[in-house]
Structure formats: structure tokens, C-alpha cells
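Look over the structure before reading on.

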Amino acid sequence: MTPNTIEKTSVTLLGLGAMGTALARTWLAAGHPLTVWNRTPARATALAAEGARVAGSAAEAVAASTLVVVCLLDDASVGEALAGTDLAGRDLVNLTTSTPAQARTRAEWARGRGARYLDGGIMAVPPMIGVPEAGGYVFYSGSQELFEQHRETLGVPAGTTYVGEDAGFAALHDVALLSAMYGMFAGAAHAFALIRKEDIDPASLAPLLADWLVAMAPAVHETADRLKSGDYTKGVVSPLAMQVAGTPTFLSTAEQQGVSPELLSPYFELMRRRLAEGSGEEDLTGVIDLLLH
């Protein structure tokens, strides 16, 4: 090994799906000694040719490095893979998609076995890993000491954003952002459905739609400020009463175009409920309170 390689932190990676394989290749390319394990050994063949050490078992892989990164299918898979392994003195970084409750439980489970624990939520798809300009990053939560010690190594595949000592916060941030993404996709799907039967090129609507969504994005900062202050009326330009009055136009247009309103109706119903409570001068922030139970 070269002196440069010796200086790099050794990493163990459990899980070689599309994301795991992308992570592995970035650490190898950066000169980190890498030990890998996968339930299906054949997936490790290509990485072995690229310099990875392939462990015969998860326990063998865990024993090879202090820093152990897990990227498996789900939380149950993590428990199965690590059952019977000696985690004492290990730094366990779990990049497996999970719920906040699962992450907190897994953190306690790891600490009970003598390991420091860090949970991660990957805000990227495999092609973005190892490509800084792609903008991918990973939310981390749990042991700040672990995060600070391994920040440089963890930052090799993608950017890092630490969101707190609560191990569930990474998963919560991950799901919150992805939930907003699906809401955006829902709105875009409805927009494209409205023009689907017309002589309108979807490619001509796409840039208009993208620009409009970008123009509306700063509204999330206003929503955050109103939630923090508790004043939902300050600086409101489009009050709830006015917006509710406009909803029949959206529903009628959908009906005329032969489009189901099912992606819009639930939100419109929440708007009407909030208005019925006498909150016509607010913006849409109050809808958030209706979602809590």
C-alpha cells in the first residue's frame, strides 16, 4: 500500500445494492481500504477486482474496520445482518432507509452492544454518488462525536449535513423532504393531465411548469417564519378566503378536461375546513395544524 492509502480511514460496508455499490466505488477511488459484504456474494466480484476485500460473513466484515457502514434493504435486514456480530468499539453508520422510530430503536440497540451510532438519510440516487456537482448529500443524526471524527470519510461519496443528536432526525428530515417532493410530483401530474387530451406539447409546458415551481419555492421560508411566530396573517398576499373562493374553478376545469381531481381535492378540503374555523385572513399555513392529531 502507498503511504497515502495507509493514511485513509478503513471502511467496512455491508450491502451492495445499487446505492451500496456506488458508495463502495467512491471510497475505493479515494484510496480508502474497503471491506465489503453482501448476502449475495456475486455482487462483490466486480468490487474485488477494483481493490475491495470481500468478507465471507458480516461478522468478519465488521471485525475488519472500526467504521462500519450499513446500506441494506430495510431495518429488519440490518438486524439480521448484524445479529451475532461483535459491535463493541465499532462506529456504526446506518444508511438504510428507516422511520425515525426505527432509527431511535436501532441507536439504543447499537449502544447496548458497545457501539457508537449514526443514522443517515441519503438525499441522492446512485448516479449522484461521488459526483459533487450533482448536489447529493446525506443527513446524519446521532453521535456528534462519531460524525465529527469521520466527517471527512463520510463526505467522500456525498455531502454531509448533521441534524442533531436525536438518532431519528436524519430519517425525519429525509422523509419530510421526500414527502414534499411527492407533493410536487402530484401537482405536476395533475398539470400534465389537464393538457393530455389537447393539442399542447408537454415539452412546451415543462419549462413553464418548472419555472413556476421554482418561483413558488421561497414560500416555504414564509411558512416557516409564520409557524415560528404563530402569526399566520402577517404579510399575507393571497388570503385563505380568496384562495378557497377560487377552488371551484380548478375542480370545474378538471371535470371539463376529463381529469380526476383526486390529487387536489384532499388539500382543497383542508383549506375549506380551515376557512370554516374563521381563518380567512391567514395564508395556507393553518392547514398544517389540521394535519396534526
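On a 1 Å grid over the protein atoms alone, a cavity is a set of points where a 1.4 Å probe fits but cannot get out; lining residues have an atom within 4 Å of a point. Grid points are joined across faces, edges and corners, and a volume is the space filled by probe spheres set on the points.

The model is predicted: local features need pLDDT of at least 70, side-chain atom pairs count only at pLDDT 80 or more, and totals for chains, interfaces and linings use all residues. Residues are numbered from 1 along each chain as its sequence is written, and side-chain values use heavy atoms, without hydrogens and water.

Q: How many cavities of 30 Å³ or more are there?
A: The count takes cavities of 30 Å³ or more. By this rule it comes to one.

Q: Which element gives the largest share of the lining of the largest cavity?
A: The lining includes M19, L23, W27, Y140 and P157. Elements are DSSP runs numbered from the N terminus: helices (H or I, at least four residues) and strands (E, at least two). Two or more lining residues come from each of α2 (18–29) and β7 (137–142). The largest share, three residues, is from α2.

Q: What is the handedness of the crossing of α8 and α9?
A: A crossing is left-handed if the near helix is turned anticlockwise from the far one by less than a right angle, and right-handed if clockwise. The crossing of α8 and α9 is right-handed.

Technical notes
On a 1 Å grid over the protein atoms alone, a cavity is a set of points where a 1.4 Å probe fits but cannot get out, and a pocket is an open set with protein on both sides within 12 Å along at least five of seven lines; lining residues have an atom within 4 Å of a point.
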